[in-house]
Amino acid sequence: SEMCIRDSQMAYGAAAEVIVGEMEHIELGIMCTIGPRTIGSALAAWQKYEPGVELILHDVWGEKAQELLLSGALDCVLLARQEPLPARFDSIPLMTEAFELAYASDASNEKKEPVEISDLNGFRYLDRLRCEFREAIFGIAEKNDLEMDIVMRSEREDWIQNLVASGFGVTMLPRSSIVVEGISTCTVKGLPTERTIDLVTVRGRPLRNVVKHFVNFIGEYDF
């Protein structure tokens, strides 16, 4: 079966109605800041393992993801987190990934060593509105009297990355989420340097067998 990707604006109940026949399906939320390179191979491996099960992928973010899980609209969610989840959720840590400064690749001026947070003073900064570290980054910048020149804000990861690659500005993002050519990264001392990605379900809620198999498969996958 084909993997169906639904727009996040689609009504979640309506998505289930378009499934052909009685095919087994899983309603999977994926946090919008998690790039396909991070999780794509695991989902492809699952499709080979269970080719008769349809994955319906939903683009979600932190609080919205939790609401959809609790409502039953989603079976499980791949969630990038900075802080522990509320006790009403079960989570399986899948991987950690580097969180770094992204800038346009330039062989004559490539940053190979970590930079100090003060080096960002005056940089043209592209603000990722769905970034889970956004408040922490700006809080640290304020404490360090850092004047970040915010030239654009967007929820769209692809727009931000294309602008970074063009040299329009810099941003902080997970290194493995990069899907645009022409971007390099480096660590910034004093800012968050990694994040954890979990597979999350509702604690105490019985899972359909197909969802249970999926959770076990992804939980044991070697990322």
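Mentor: Glu27 is buried, with a relative accessible area of 5%, where buried stands for under 20% relative accessible area, exposed for over 50% and partly exposed for what lies in between (1.4 Å probe, protein chains only). This is a predicted model, in which local features need pLDDT of at least 70 and side-chain atom pairs count only at pLDDT 80 or more, while totals for chains, interfaces and linings use all residues. Residues are numbered from 1 along each chain as its sequence is written, and side-chain values use heavy atoms, with hydrogens and water left out.

Glu27 belongs to strand β2; helices (H or I, at least four residues) and strands (E, at least two) are DSSP runs, numbered from the N terminus. The side chain of Glu27 has a partner in that of His58, the two being joined by a polar contact of 2.5 Å. Such a contact is a pair of N or O atoms within 3.5 Å; within protein, one must be able to donate a hydrogen and the other to accept it, and residues adjacent in sequence count only if both atoms are side-chain atoms.

His58 is also touched by Leu28, whose other partners include Leu43, Ile56, Leu57, Val77, Leu199 and Phe214 when residues up to four places away in sequence are not counted; contact here means heavy atoms within 4.5 Å. Leu28 is, with Ile26, Leu199 and Phe214, among the residues with the most contacts inside the largest nonpolar core, which has 36 residues. A nonpolar core is a set of buried Ala, Val, Leu, Ile, Met, Phe, Trp, Tyr and Cys residues joined through side-chain atoms within 4.5 Å. Among the elements that each supply at least two residues of this core are β2 (24-31), α2 (36-49), β3 (53-60), α3 (62-71) and β12 (194-202), while the largest share of it, six residues, comes from α6. A second, separate core has 18 residues, Tyr103, Ile117, Cys186 and Val188 among them.

Helix α3 can be read by its sides. Its buried residues are Ala65, Gln66, Leu68 and Leu69, and they lie on the same side of α3 because they cover an arc of only 165° around the axis, the arc being that of the directions from the helix axis to the C-beta atoms. Glu63 and Ser71, on the other side of α3, are exposed. After α3 comes Gly72, whose phi is positive, near 90°.

Elsewhere, the loop between β4 and β5 holds Ala87, which is exposed at a relative accessible area of 60%. Ala87 and Arg203 are 116 residues apart along the chain, yet their C-alpha atoms are separated by 7.8 Å.

Charged pairs form another set of links. Side chains of opposite charge can pair when their charged atoms come close. The structure holds twelve salt bridges, each defined as a side-chain nitrogen of Lys or Arg within 4 Å of a carboxyl oxygen of Asp or Glu. In one of them, Lys189 pairs with Glu116, with the closest N and O atoms 3.6 Å apart, and this pair links distant parts of the chain, since Lys189 is in strand β11 (residues 188-189) and Glu116 in strand β6 (residues 115-116), 73 residues apart. Lys189 counts as partly exposed at 43% relative accessibility, as does Glu116 at 37%.

Asp127, in contrast, counts as buried at 1% relative accessibility. Its side chain meets that of Arg134 in a salt bridge of 2.7 Å, N to O, and that of Arg153 in a salt bridge of 2.6 Å, N to O. Because Arg153 lies in strand β8 (residues 149-154) and Asp127 in strand β7 (residues 124-128), the latter pair ties together parts that are 26 residues apart in sequence. Both arginines count as partly exposed, Arg134 at 25% relative accessibility and Arg153 at 47%.

Among contacts between residues at least 6 apart in sequence, 80% join residues at least 24 apart.
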